[in-house]
Amino acid sequence: MATEIERKFLVKSIEFKQEAFQKNYIKQGFLNSNKERVVRVRLKDDTGFLTIKGPSNANGTTRFEWEKEIDKKEAESLFDLCEKGSIEKYRYLVKIDNHTFEVDEFLGDNNGLLIAEVELESENESFTKPEWLGEEVTGVPKYYNSNLSKLPYNKW
């Protein structure tokens with residue numbers, strides 16, 4: 001079993017783009033998006049993934065996560081089974097000291113939303129916060145991708 005520990009932040013400027021060492025296009029849909037489990041299919045450029053996430057702990061930092069790489073064609077066929085709504089975004093990877101921030105620039109109905117996540121080894125692990133990092137939104141459900149697929153940012 002795998003445990004994901006991460007914190008999530010809004011991003012207040014596009015300065016992160018100059019610091020990014022990688023950029024990928026991501027499309028994802030949700031086969032199941034209830035609060036007890038989320039089952040997601042994702043295409044990251046030309047690679048497919050199937051991911052299962054459990055419920056978050058009380059502060060929203062930690063939860064079970066299982067992910068398996070799948071064939072691109074398998075992923076594309078699973079999109080036909082997904083719930084209504086999907087997510088499209090560019091993901092930028094930015095290394096700050098010993099941590100890599102994943103910064104998502106959302107497209108489509110979530111255009112204008114910028115969110116950064118940093119994965120940690122423990123909930124209390126310290127990390128350097130870059131200048132472009134804004135308000136923390138860890139554990140705020142409306143910022144979960146599964147919820148953004150149902151109630152996009154442009155409808156808030």
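**Group meeting: a first walk through the model**

Okay, let's start with how the chain folds back on itself: among contacts in the protein between residues at least 6 apart in sequence, 61% join residues at least 24 apart. Keep in mind that this is a predicted model.

So what's it built from? The secondary structure comes to three helices and nine strands. If you read along the sequence, you get β-α-β-β-β-β-α-β-β-β-β-α.

Next, overall dimensions. The C-alpha trace spans about 40 × 30 × 30 Å along its principal axes. For 156 residues, a compact globule would have a radius of gyration near 15 Å, and the protein has 15 Å, so the two agree. And of those 156 residues, 44% count as buried.

Now for the inside. In general, nonpolar side chains in soluble globular proteins tend to be buried together. Here, the largest nonpolar core has 16 residues, and the ones with the most contacts inside it are V11, F16, V94, F101, V103, A116 and W132. As for where the core residues come from, the elements giving two or more are β1, β6, β7 (99-106) and β8.

Take a look at F16 on the screen. Which residues does F16 contact, leaving aside its neighbours within four places in sequence? They are V11, Y92, V94, V103, L114 and W132.

The largest pocket has a volume of about 470 Å³. It's lined by 29 residues, and E4, R40, K53, E65 and E117 are the closest to its centre.

Last stop, the start of the chain. A2 sits in the segment before β1. Not counting residues up to four places away in sequence, A2 touches R63, F64 and E65. Compare G85: A2 and G85 are 83 residues apart along the chain, and their C-alpha atoms are separated by 27 Å.

That's the tour, thanks everyone.

Notes: Residues numbered from 1 in each chain as written. Predicted model: local features only at pLDDT ≥ 70, side-chain atom pairs only at ≥ 80, totals over all residues. Heavy atoms only, no water. 1 Å grid on protein atoms, 1.4 Å probe; cavity = no way out; pocket = protein on both sides within 12 Å on 5 of 7 lines; lining within 4 Å. Points joined across faces, edges and corners; volume = space filled by probe spheres on them. Core = buried A, V, L, I, M, F, W, Y, C linked by side-chain atoms within 4.5 Å. Buried < 20%, exposed > 50% of the residue type's maximum accessible area, 1.4 Å probe, protein only. Helix = DSSP H or I, 4+ residues; strand = E, 2+ residues; numbered from the N terminus. Contact = heavy atoms within 4.5 Å. Rg over C-alpha atoms; globule rule 2.2 N^0.38 Å.
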